[in-house]
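Hello,

Here is the structure we talked about. Please look through it first, then read the notes below.

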Amino acid sequence: MAFGRGAKMDGRRPSSSSFCTTTTVVVFVALCLVGVWMMTSSTVFPLEISSNKKSEVRKPAPAVNFGASEEAASGNAGEGSEKFEDTDNNDNVPDESKNRDTPEEEKFTENRMEKPVEKTDEKEPELPKEKEDTKDTFDDANGKSERRSDDVKNVDDEEKSEEKKDDDIRTDNDDENSDGEKKEGQEEKSEGDATQEEQAQIEEKVEENGEKEQSSKSNEVFPDGAQSELLKESNAQNGSFSTQAAESKNEKVVQASSESSGDATSYSWKLCSSSASTDYIPCLDNEKAIKKLRTTKHYEHRERHCPEEPPTCLVPLPEGYKRPIEWPKSRDKVWYSNVPHTKLAEYKGHQNWVKVSGEYLMFPGGGTQFKNGALHYIDTIQQALPDIAWGKRSRVILDVGCGVASFGGYMFDRDALTMSFAPKDEHEAQVQFALERGIPAISAVMGTKRLPYPSKVFDVIHCARCRVPWHIEGGMLLLELNRLLRPGGYFVWSATPVYQKLPEDVEIWNAMSSLTMSMCWKMVNKTKDKLNQVGMAIYQKPMDNNCYEKRSENNPPLCKGTDDADAAWNVPLEACMHKLPVGPTVRGSKWPESWPQRLEKTPFWIDGSQVGVYGKPANEDFEADYAHWKRVVSKSYVNGMGIDWSKVRNVMDMRAVYGGFAAALRAQKVWVMNIVPIDSPDTLPIIYERGLFGMYHDWCESFSTYPRTYDLLHADHLFSKLKKRCKLLAVFAEVDRVLRPEGKLIVRDNAETINDLERMARSLQWEVRMTYTKGNEGLLCVEKSMWRPKEVEAST
């Protein structure tokens with residue numbers, strides 16, 4: 001009782017000591033709480049900044065020149081050479097770069113070690129910690145695709161349970177933004193003082209010590225897995241975004257504009273009103289231009305006639321469209337609903353081109369000249385001429401008038417790559433059938449202009465009843481094949497004049513015999529395919545000029561010395577022959593290495609006396625480019641982006657240089673159309689020398705393919721260059737036209753362009769699977785959706 005009464009009395013007594021005691025306790029508790037808060041904050045943000053720092057280190061300077069090929073070739077060669085070389089010469093790491101890294105490690109290691117548990121409260125650990133965890137890198141693509149910068153996304157059903165956790169983490173980080181911005185600004189300022197050369201030196205150190213970093217998670221937020229490679233691919237510049245830039249209120253202009261809520265409504269998409277409807281090819285279906293043609297004698301109406309203003313409309317989907325059947329099953333059958341055309345089945349069904357069977361279109365593998373299957377026909381050619389050696393000596397083939405491209409489709413069984421083409425004509429959708437099957441093809445015609453390929457690149461050219469009048473007008477069309485055929489290459493001609501004796505056939509055969517002899521082509525065999533009851537003649541182009549010099553008549557004439565045989569974009573045909581290359585170091589003077597050795601071997605005519613696209617000696621440039629793309633494809637594209645490559649077949653590299661991207665994909669069951677833009681260095685002959693193929697194109701115009709024909713498009717620093725002379729919106733509409741629903745677009749470009757493209761993709765309701773920016777460079781991976789607008793554009 002005394003104790004209680006004493007306490008009561010003390011409570012009534014206005015004692016100053018009691019008041020001080022109470023105040024002391026309150027202040028002490030408050031200080032403890034503030035201390036805990038400060039410890040938590042200081043632990044979290046150094047990790048974030050450390051991540052950012054490492055991200056900057058992991059990005060190689062060479063990629064800067066990858067996106068500036070023209071500039072490197074025309075004035076920055078020395079600088080480009082230095083930067084590109086830095087990536088691969090890891091032994092020459094100056095001590096300065098090592099010293100530069102050390103303070104940052106010391107600065108942030110203590111907090112990480114003291115509070116390792118805090119890492120579980122960060123978004124950062126969602127990024128891959130080991131290679132086997134790469135799927136965790138890109139979760140939250142469905143609902144939280146607003147994340148930017150180092151934040152990456154991917155669709156993974158197994159990770160949906162993590163979404164609630166992500167939301168909690170985002171809330172925690174928002175409370176810390178004010179301090180984070182201040183620290184981030186200090187970090188950016190310090191990094192901005194570093195030169196690009198210093199960054200390259202740091203990158204060398206990172207490459208050199210890659211194995212050590214794999215075993216030290218606490219010192220590397222992005223370990224040497226798929227995600228770290230994303231950093232190395234980017235073009236490092238001064239400054240950086242935070243690893244959680246989407247959550248922090250970063251005041252960078254580019255990020256603010258990219259996350260603007262009004263972006264998705266800034267574009268007004270409408271369906272195209274063309275009569276071609278779901279099969280619309282703008283440069284081949286320009287009815288207004290076609291009606292103005294004075295003549296169609298030389299198939300001018302099948303040539304390209306692009307609209308003055310590239311369309312920005314979207315091509316509608318066929319009713320009932322569904323995901324294409326995967327390769328190799330697609331070679332035999334496709335969904336009828338995807339290509340709902342039956343005329344060709346009615347017209348060519350008896351020749352086993354294509355048949356309708358329920359919900360499928362079936363392809364028995366036949367053709368006009370090989371009703372019993374293309375593979376037997378291909379082997380018959382090999383038996384008639386063993387030197388043709390499919391898939392070894394003869395790797396790259398051109399198939400003229402390909403039909404549904406069964407010849408090219410079965411050439412894959414012999415490890416040969418076939419560029420098939422046919423006009424968009426009465427053989428309804430033949431090229432569309434080919435592409436739907438997963439077989440390379442384009443819509444083109446032998447008319448009045450050169451085909452969009454360089455000279456002397458095809459090992460074999462094939463024509464099976466291709467309906468081309470080779471012998472008329474001085475043999476102009478056959479002379480175009482002569483331009484494209486590699487010296488020593490073969491022309492396989494399977495047509496009725498070879499084996500029938502009707503008057504018209506005899507007349508054509510005599511004319512062809514005279515023409516090929518005057519062109520110095522040697523007929524090396526004339527044989528019959530007894531099973532298919534057809535015949536074929538095989539001609540070989542000479543390897544030197546001896547025969548040309550011995551001709552009694554200069555007919556066909558030799559082209560003028562000023563005529564560039566490689567000029568092929570909108571160049572009129574001429575009835576002349578180009579002289580063959582002379583000299584051991586001139587392209588075309590000898591045959592390439594056998595496949596597959598030719599894929600990796602530097603072409604014999606590329607040496608150190610030439611300057612490569614990236615500024616180094618050309619042979620080193622070639623090798624470094626291949627090494628770069630092997631690393632990128634292996635660590636990022638194949639293993640780091642969550643792409644199911646079993647569903648990818650038709651691939652296009654929209655800005656190929658040496659074909660390194662395509663070469664690096666060799667292990668995948670894909671083929672790659674390598675596009676060399678007309679305003680880029682002409683490296684297409686190098687691509688063919690490697691046993692790959694491609695064509696020239698101007699991306700300010702539509703591509704000569706049907707809608708929905710490619711599974712994956714890849715663009716390395718293309719769009720930023722196009723912005724200087726094209727409307728980017730029209731180019732992206734063309735990307736939408738070419739890409740299949742659920743197809744992927746991978747873009748590597750400057751940050752401004754990446755942001756522009758992301759906004760366009762979102763406006764089309766595409767899924768942004770990954771977006772990453774660092775300094776002035778970025779990476780974007782988006783997936784096309786099935787969405788189509790309902791409004792149709794007004795007819796003009």
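Arg-725 and Asp-679 form a salt bridge through their side chains, with 3.1 Å from N to O. The two residues are 46 apart and join distant parts of the chain: Arg-725 sits in the loop between helix H26 (719–722) and helix H27 (728–738), and Asp-679 in the loop between strand E12 (671–677) and helix H25 (684–689). Arg-725 is partly exposed, at 38% relative accessible area, and Asp-679 is partly exposed as well, at 36%. Please keep in mind that this is a predicted model.

Lys-744 and Glu-783 make another salt bridge, at 3.2 Å from N to O. Lys-744 belongs to strand E15 and Glu-783 to strand E17, so this pair ties together parts 39 residues apart in sequence. Both Lys-744 and Glu-783 are buried.

Asp-285 and Lys-424 are also joined by a salt bridge, at 2.5 Å from N to O. Asp-285 is in the loop between helices H12 and H13, and Lys-424 is in the loop between strand E5 and helix H17, so the pair ties together parts that are 139 residues apart in sequence. Both of these residues, Asp-285 and Lys-424, are buried.

How many salt bridges does a search of the whole structure find? The search finds 32. There is also a network of salt bridges that links Asp-459, Arg-486, Arg-598 and Glu-689.

The last item is helix H23, which covers residues 618–638. Its 21 residues reach 28 Å from the first C-alpha to the last, close to the expected 30 Å. H23 has a kink of about 30 degrees, centred on Val-632.

Regards

Conventions: Residues are numbered from 1 along each chain as its sequence is written. This is a predicted model: local features need pLDDT of at least 70, side-chain atom pairs count only at pLDDT 80 or more; totals for chains, interfaces and linings use all residues. Side-chain values use heavy atoms; hydrogens and water are left out. Helices (H or I, at least four residues) and strands (E, at least two) are DSSP runs, numbered from the N terminus. The expected span of a helix is 1.5 Å times one less than its number of residues. The bend at a residue is the angle between axes fitted to the seven residues ending there and the seven starting there. A salt bridge is a side-chain nitrogen of Lys or Arg within 4 Å of a carboxyl oxygen of Asp or Glu. Buried means under 20% relative accessible area, exposed over 50%, partly exposed in between (1.4 Å probe, protein chains only).
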